[in-house]
Amino acid sequence: HWIEGLSVSLDWYSIDIKNAIYSTGSSTELAQCNAGVAYYCSQLVFGGANGALSRIIVSPLNAASQTTSGIDFQSDYTTELFSGALSTHLVGNYTDEETQTALGVKTDYAGSLGSDSLVSGFPKFRATLSTTYTVTDKGSLSFPLVGQVTARGQTIISVEKQITERL
């Protein structure tokens with residue numbers, strides 16, 4: 001090991017699907033029609049009073065292709081700290097590309113967030129970090145650390161001392 005107690009995993013993926021089938025929602029159909037995609041406009045039925053929109057046809061489509069690529073990663077680190085062990089666990093993903101091509105229109109969902117986006121996507125980077133401090137000596141106590149932790153106004157060191165005295 002280069003660093004004692006550290007393990008790291010990185011996995012690159014690249015997936016390309018031809019003839020993928022997908023379904024859209026009514027809000028996507030409206031947004032795509034407003035963007036000028038003729039197919040989606042043909043799915044709007046104006047049979048209401050004075051030609052008002054009365055129905056939106058939503059059905060599965062052959063999306064022609066779908067691609068995704070990115071990196072999954074995980075890291076774990078444990079070290080002795082005082083009379084216990086401090087452990088951290090990081091798991092996450094960076095999505096470089098998440099595209100779908102339907103009716104000649106290519107849409108990238110990775111990073112498509114906010115009101116200015118025609119699609120409802122997701123962040124390009126997502127991760128979760130957790131930290132645990134475990135006190136071991138005739139037993140163990142484990143709890144997550146989130147920022148600065150106090151228990152009834154006491155610091156971690158004073159809580160650890162009380163716990164150790166009771167074991």
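These are my notebook entries on what I looked up in the predicted model shown above.

**Ground rules**

I number residues from 1 along each chain as its sequence is written.

**Entry 1: overall layout**

I began with secondary structure, taking helices (H or I, at least four residues) and strands (E, at least two) as DSSP runs numbered from the N terminus. I find three helices and 10 strands, and along the sequence they follow the pattern β-β-α-α-β-β-β-β-β-β-β-β-α. For burial I used relative accessible area (buried under 20%, exposed over 50%, partly exposed in between, with a 1.4 Å probe and protein chains only), and by that rule 24% of the 167 residues are buried. The protein exposes about 11,000 Å², of which carbon and sulfur atoms supply 56%; these areas come from the Shrake-Rupley method with a 1.4 Å probe, and for residues only the protein chains shown count as cover. I then looked at contacts (heavy atoms within 4.5 Å), and noted that, among those with a separation of 6 or more, 60% join residues 24 or more positions apart.

**Entry 2: confidence**

I checked pLDDT, the predictor's confidence in each residue on a scale from 0 to 100. The average is 78, and 72% of the residues score at least 70. Strand β1 (residues 6–18) has the highest mean, 95, whereas strand β10 (residues 140–144) has the lowest, 54. Over residues 145–152 the pLDDT is below 50, and beyond near neighbours in sequence this stretch has eight contacts in the model. I keep in mind that where pLDDT is low, the predicted coordinates should not be read in detail.

**Entry 3: salt bridge**

I searched for salt bridges (a side-chain nitrogen of Lys or Arg within 4 Å of a carboxyl oxygen of Asp or Glu), and the count came to one. The side chains of D16 and K18 form it, at 3.6 Å from N to O. D16 is partly exposed at 47% relative accessibility, while K18 is exposed at 56%.

**Entry 4: nonpolar patch and its surroundings**

For patches I took residues with over 30% relative accessible area and no salt bridge, joining like charges within 9 Å and nonpolar side chains (Val, Leu, Ile, Met, Phe, Trp, Tyr) within 5 Å. V8, L10, W12, I71, Y94 and F125 make a nonpolar surface patch of about 650 Å², to which β1 gives the largest share, three residues. Y94 sits in strand β7 (residues 84–102) and is partly exposed, at 32% relative accessibility.

Also in β7 is G92, which is buried, with a relative accessible area of 12%. G92 and I71 are 21 residues apart in sequence and 8.5 Å apart from C-alpha to C-alpha. Leaving aside neighbours within four places in sequence, G92 contacts I71, D72, F73, R126 and A127.

I paired rings of Phe, Tyr and Trp (its six-membered ring) whose centres lie within 6.5 Å, calling planes under 30 degrees apart stacked, over 60 edge-to-face and the rest tilted. Y39 is partly exposed at 26% relative accessibility, whereas Y40 is buried at 4%. The rings of F73 and F125 have centres 5.9 Å apart and planes at 15°, so this pair is stacked. F73 lies in strand β6 (residues 65–81) and F125 in strand β9 (residues 125–136), so the pair ties together parts 52 residues apart in sequence. F73 is buried, at 17% relative accessibility.

**Entry 5: helix α1**

In helix α1 (residues 26–34) I listed E29, A31, Q32 and C33 as buried. Their cover includes α2 (38–41), β3 (44–45), β4 (55–56) and β8 (105–108). Just after α1, G36 takes a positive phi of about 95°.

Most residues other than glycine have a negative phi, so I noted the exceptions here. N19, in the loop between β1 and β2 (21–22), has a positive phi near 60° and is exposed at 56% relative accessibility. N50, in the loop between β3 and β4, has a positive phi of about 55° and is exposed, with a relative accessible area of 87%.

Note on methods. This is a predicted model: local features need pLDDT of at least 70, side-chain atom pairs count only at pLDDT 80 or more; totals for chains, interfaces and linings use all residues. Side-chain values use heavy atoms; hydrogens and water are left out.
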